[in-house]
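Here's a quick briefing to read alongside the structure. Take a look at the model, then run through the points below.

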Amino acid sequence: MPSESDKWGWEHVSVFGGFDRGSGTKRWKCNHCNLRYNGSYSRVRAHLLGFSGVGVKSCPAIDRSLREAFQILEEERLARKKKRTSGSRKHGSHVWTPQSSHVWKTMSKDDVDDMVARFVYASGLDVSIVNSPYFHEMVKAVAAFGSGYEPPSIDKLCDSILSKEKGKIEKCVALVRESWPHTGCTILCVGHLDGPHDCPHINIFVSSPRGLIFLKAVDADNCDEADTVLTNVLSDVILEVGSENVLQIISHIDHACKSSKSFILSKFPHIFWSPCISHSILMLMEEIAELELIKPVLLCARGIEQCIIMYQHSFPCLLTPNLKESSDPFSAKFAPSYCIVKRIFQLKQVLREVVVSEEWKQWRHSIPDNIVVVESSILGDEFWSKVHLMLQLYEPFIRLLSVFDIDKSAMGDVYDWRVQALEAVRNQECDGSVLNELEILIENRWDVLFSPLQAAGYMVNPRYFGRGQARDKTIMRGWKTTLEKYECDSAARRVLREQLSSYWRLEGSLGEEDAVDSRNKMDPVAWWENFGFEMPSLQTLAIKVLSQVSTVGICQEVAPGDYFSCQEASNNFGVERLKDLVFVRNNLKLLAHKNGSSSSSCGLRNGTVSSPSEVKTWDCAHLDQTKLIVSLHDEF
């Protein structure tokens, strides 16, 4: 017969009486909620696990994660009991002796910390794993079990436990799927090159207001094959999700898009293929860098960069800041012009001190290049004033990127930003030709860089009601394109146009006091759900358009390249189980963030998950950049 000490529940109650008095009935108090009961271990277990029908209440102080940990402990206890009963001691769970238990209980906090660190170091794990909410849940569960806990075997981790975890994830995913017919959804494709041969690896996500889910990952043998692989997997995913539920696809895969896009749009003509808006904004910033006013500033900044790098090679200890350093790899890749100018501006005072130092004077005589222009630019005011102007021109772009969020920013926000950006440039008192050149650039590139769904979102977003959308040809062109793709029947499109006019005229429920008062206070989708019932066709379109996302930024953080870890895992899991592992791992990250936890040092926000990486995410880095630009006004 198993001893009372083998029953984990006794560690969570205070017993008024010992285990050795010959009776299973005891008086005890729960250590979590302080409720008192009389009874045997079966009542203790029922209280902690939330069972009913045995004369005790479920413990109100135990949260879901701890109760799940208790359930695991109970399963392990029953398994040990079964093995003892069958006499299979050879394969049974090892029970720690009182002596070894005593040794572990006397360990100090520092000793335990050392052992955790040793495990992390020896396993080659990223130290930021200690920020993972799942790491903390695991530690609490092991502590709740007690010193007799033994971890599951490799076979169990690769088989039954993985299957059980996948089943839990699929139940969560099913709840998200239920909302797709109402809100529509966006398929997000994120790719990168993996392994020693740069084989394309593609991750597929599905986003909707109820949550972002990871669907699957596929690999191609080479870049030439990637286009075919993407085409096939997208076709399958659209059918799996339901083509009627998919409103748009956002793909951020440079090496595999062109033929995939053509094939998908011909097979599913109602689906939009939208650019990633954060990538589009950064591309627009690079094109602004080619304007006549900006280009000389950029060329001079690059000249300073090259000169300082040469100097650092000769005197590495005298100038520690590195011009190549960037806390934001995303914009460093897609907007390098902005990054180098910003970095040089940050080092303005340092550079001025360097070029008047004795070491600099000695060095400049030892090189064949003439660096007078570099010195005069650093020591003078004209270059810095132009740098200041360039950063001010970019300020609206950086502000947008700093707040752009996959769940918070509604479709159409970018059009409001477009208006504010041009107004901000006008307020800089630039030369009229510069402003005109900038307006022409934005106008000419807008339709290429931004989806027509953005125009539709600006039309139906109640926050932007009455902004003169009907007089803006870019917006009306995007609205027209949206209607023609969304609805193939001309009569149905006419109904949508008529209902849009009714919306603008505030007819019916849309003109009621509550509707008007709530336009800037409610979520746009919730506003249409509450007040758009008298124009159902426009209501349906508005809800679907405003429910979509515009960027793949968070997806890039959730599923980074991990070719070697996957290859190593496949040795234990096999191909099919490896797919299950990737599915579980990425969706657990998403669920962690949705529940308000973040395993990243800076964190990803709102409704999705965070990566365990310590590298700054692009949105947080841009927030830092915004703070820098705001500080410019204090320095000039």
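Arg210 is partly exposed, with a relative accessible area of 40%. Its salt-bridge partner is Glu178, with the closest N and O atoms 3.8 Å apart. Arg210 sits in the loop between strands E5 and E6 and Glu178 in the loop between H7 and H8, so the pair ties together parts that are 32 residues apart in sequence. Keep in mind that this is a predicted model.

**More on salt bridges**
- Glu178 is exposed, at 57% relative accessible area.
- The structure holds 26 salt bridges.
- Lys166 and Glu170 pair up too, at 3.9 Å from N to O; being 4 residues apart in helix H7, they are separated by about one helical turn.
- Lys166 is partly exposed at 23%, and so is Glu170 at 40%.
- Another bridge links Glu290 and Lys295, with 3.5 Å between the closest N and O atoms. Glu290 is partly exposed at 46%, as is Lys295 at 37%.
- Shared partners join Asp159, Lys166, Glu170, Arg577 and Asp580 into one network of salt bridges.

**Helix H11**
- Of the 12 residues in H11, 10 are buried, so the helix is largely enclosed by the rest of the structure. Among them are His279, Met285 and Glu286.

**Cysteines**
- The disulfide count is 0. For Cys59, the nearest cysteine sulfur is that of Cys33, 3.8 Å away.
- Cys59 counts as buried, at 2% relative accessibility.

**Surface patch**
- Met138, Val139 and Val142 form a nonpolar surface patch with about 230 Å² of accessible area together.
- Val139 lies in helix H5 and is partly exposed at 40%.

How values were computed: Residues are numbered from 1 along each chain as its sequence is written. This is a predicted model: local features need pLDDT of at least 70, side-chain atom pairs count only at pLDDT 80 or more; totals for chains, interfaces and linings use all residues. Side-chain values use heavy atoms; hydrogens and water are left out. Buried means under 20% relative accessible area, exposed over 50%, partly exposed in between (1.4 Å probe, protein chains only). Helices (H or I, at least four residues) and strands (E, at least two) are DSSP runs, numbered from the N terminus. A disulfide is a pair of cysteine sulfur atoms within 2.5 Å. Patches are made of residues with over 30% relative accessible area and no salt bridge: like charges are joined within 9 Å, nonpolar side chains (Val, Leu, Ile, Met, Phe, Trp, Tyr) within 5 Å. Accessible areas come from the Shrake-Rupley method with a 1.4 Å probe; for residues, only the protein chains shown count as cover. A salt bridge is a side-chain nitrogen of Lys or Arg within 4 Å of a carboxyl oxygen of Asp or Glu.
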